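Hi everyone, thanks for coming. Let me put the structure on the screen, and then we can walk through it together.

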Amino acid sequence: MAETVDVIVVGAGIGGLTAAALLQERGFSTIVFEKNRFPGGSCSSFRKGGYTFDAGASVFYGFRDDDAKGTLNLHSRIFRKLGVEIETIADPVQIHYHLPAGFEVPAWFDRDRFLESLSRRFPHERTGIRKFYDELESVYAILNALPAGSLEDVMHLGIVGARHPLKTAALGVKTLFSMGKTARRYISDPELLHFIDLESYSWSVQDAISTPLVNAGICLADRHHGGINYPVGGSGAIPAALVKGFEKFGGSVRFGSEVAKVIVEKGAASGVRLSDGTEVRARAVVSNATAWDTFSKLVDDPRLRIPDERFIKAPSWFQVWLGVDGAIVPPGFHMHHIIVGDWSKYDQLGGTIYFSAPSVLDPSLAPPGKHALHLFVTAETWQWEQFDYRGAEYKAAKEAFARSLIARAESLLPGLREAVELTVTATPQSHVRYLNRRDGSYGPLLKPGQNILLKPQNRTPVKNLYAAGDSTFPGQGVIAVTYSGVSCASYIARQLGKPLDYL
Ligand SMILES: Cc1cc2nc3c(=O)[nH]c(=O)nc-3n(C[C@H](O)[C@H](O)[C@H](O)COP(=O)(O)OP(=O)(O)OC[C@H]3O[C@@H](n4cnc5c(N)ncnc54)[C@H](O)[C@@H]3O)c2cc1C
């Protein structure tokens, strides 16, 4: 007899783990199958040479610990529900931008300080700057008042609509606008509009015109409310806490277990088959893989393939992690930086450097007197496909590319090259291998002008098969996939007869 549970989750990324933990806590027996031997996917940590590095994400929202201030503090609410604790360090700056022509601005937690820094560079746009960022505040104020739930759940929509009729109507209207078009209503300076594009690109990998106003209302407003907080011990502390909470209620994560197929019988998902042939049955299956991978590898039905024109495929990344002599990092250095040397190239492959120094906030991540750094740029698998990833040529090409990035980052940390004591690199191919993501992509993106509500929700065309993660609403980012996990769990719990309480 095959093992049978209520819910199977394919993948222990943040989206999958969030859904699993909330369902298990509600009393649904849940198993997570994860191909790696660690949880978190793109939000995990790894150790090398005495350093702890963030595999991907390191800018975190959602950790405010004051429920009276709103509902967007999802991590805090989930961890409280699961009875697990996670220690975080408040970051005074979300991102410190280093831009062409000596334009430099930190996005301070303190909103007035940030707006004042920007206004000093663009005194003629002082009023427009205020009005634009106030628009984002108004979106934030709406979202912060609404409880998280599934937009496919009519009961949830009814409750929210009845309790917050004006806010719900206003949010419906806001979904029609893009961040870039809104900015252009108030701002005309081309350099400032470049900056607004970069504010969007920094997390959505798209310019502001292509980015829904609603998403911007979370990322660019909540940084001044809930703020940015970094977990002590590195980004892997977040999935580790989710696993702990999940297991506390009896859930099981099976690491080193790759799901080969979702079993579909009479049009409905009924379980999974692992790559070793083991079958496990369930009433509901959640895929935390991308939509492309779910409907090409996991579900064997050519009619359900995602047509190429359905989404824009975001690029992947080339990453470099460095262990460096601590003397290179000056006192007061911020954790996150973005470097753009040429506005005409910021959105081309490799054009923008993302840079983080997590050990400035949490010194335990590096040996005494050292710092852990992470640099990454957009990249594509086709740039690396001529190499065999086990071969010397691949290694040499990676080292050469890493050296060029380090040289570019000298504009931020002069002398960086000489200070490097340890280098680790990853290409888009590494993302394919470690995360099973098609072309290592950051995920599917909406096309410019598409309404945010066109992002797939958690239901799929296959009955009892659901999706959680960055292929679903609202999109990429750890807090976004956490929302997706919450909405997925909410929908399934109602279908299985025991709805979740609001967080
Ligand atoms: C370089 C980089 C930097 C980033 N920086 C930030 C940041 O600063 N802040 C932020 O909020 N976000 C950031 N992000 C984005 C964020 O990390 C992701 O959007 C989010 O973590 C994705 O979560 P997920 O649950 O959708 O999927 P993933 O993280 O992709 O996890 C999916 C999991 O499923 C597993 N899996 C897939 N297929 C199978 C299968 N068949 N069987 C078993 N297991 C399977 C994978 O191994 C993986 O563990 C960054 C991402 C990257 C790559």
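The C-alpha centres of domain 1 and domain 2 are 28 Å apart.

Before going on, a word on what you are looking at. This is a predicted model, in which local features need pLDDT of at least 70, side-chain atom pairs count only at pLDDT 80 or more, and totals for chains, interfaces and linings use all residues. Residues are numbered from 1 along each chain as its sequence is written.

So what are the domains? The assignment gives domain 1 (3–43 + 73–87 + 232–306 + 447–495), domain 2 (109–229) and domain 3 (316–379 + 385–426); such bounds come from an automatic or database domain assignment.

Now the chain as a whole. It has 15 helices and 20 strands; these are DSSP runs numbered from the N terminus, with helices (H or I) of at least four residues and strands (E) of at least two. How does the radius of gyration agree with that of a compact globule? For 503 residues the globule would have a value near 23 Å, and the chain has 22 Å, which agrees. That radius is taken over C-alpha atoms, and the globule rule is 2.2 Å times the number of residues to the power 0.38. The C-alpha atoms fill a box of roughly 65 × 60 × 45 Å along the principal axes. Buried residues make up 52% of the 503: buried means 20 or more other C-beta atoms within 10 Å of the residue's own, exposed means 12 or fewer, and partly exposed is in between, with C-beta atoms placed from the backbone.

Next, the ligand. It is surrounded by 36 residues, and the closest are Gly 11, Gly 13, Gly 15, Gly 41 and Gly 469; to be near, a residue needs its C-beta atom, placed from the backbone, within 6 Å. Helix H1 (14–25), strand E2 (30–34), strand E14 (316–325) and helix H15 (478–495) each supply at least two residues of this shell. The shell divides into 16 nonpolar, 15 polar and five charged residues. Why does the ligand lie between domain 1 and domain 3? Because both domains give residues to the shell around it.

Finally, a few local details to find on the screen. Phe 473 and Pro 474 are joined by a cis peptide bond, with omega about 5°, and Pro 474 sits in the loop between strand E20 (465–467) and H15. Val 205 is not a glycine, yet its phi is positive, about 55°. Val 205 is in the loop between helix H8 (190–204) and helix H9 (213–222), and Val 205 counts as buried because it has 21 C-beta neighbours inside 10 Å. Asn 464 also has a positive phi, near 65°, and counts as buried with 22 C-beta neighbours inside 10 Å.

Terms used. Nonpolar A, V, L, I, M, F, W, Y, C, P; charged D, E, K, R; others polar.
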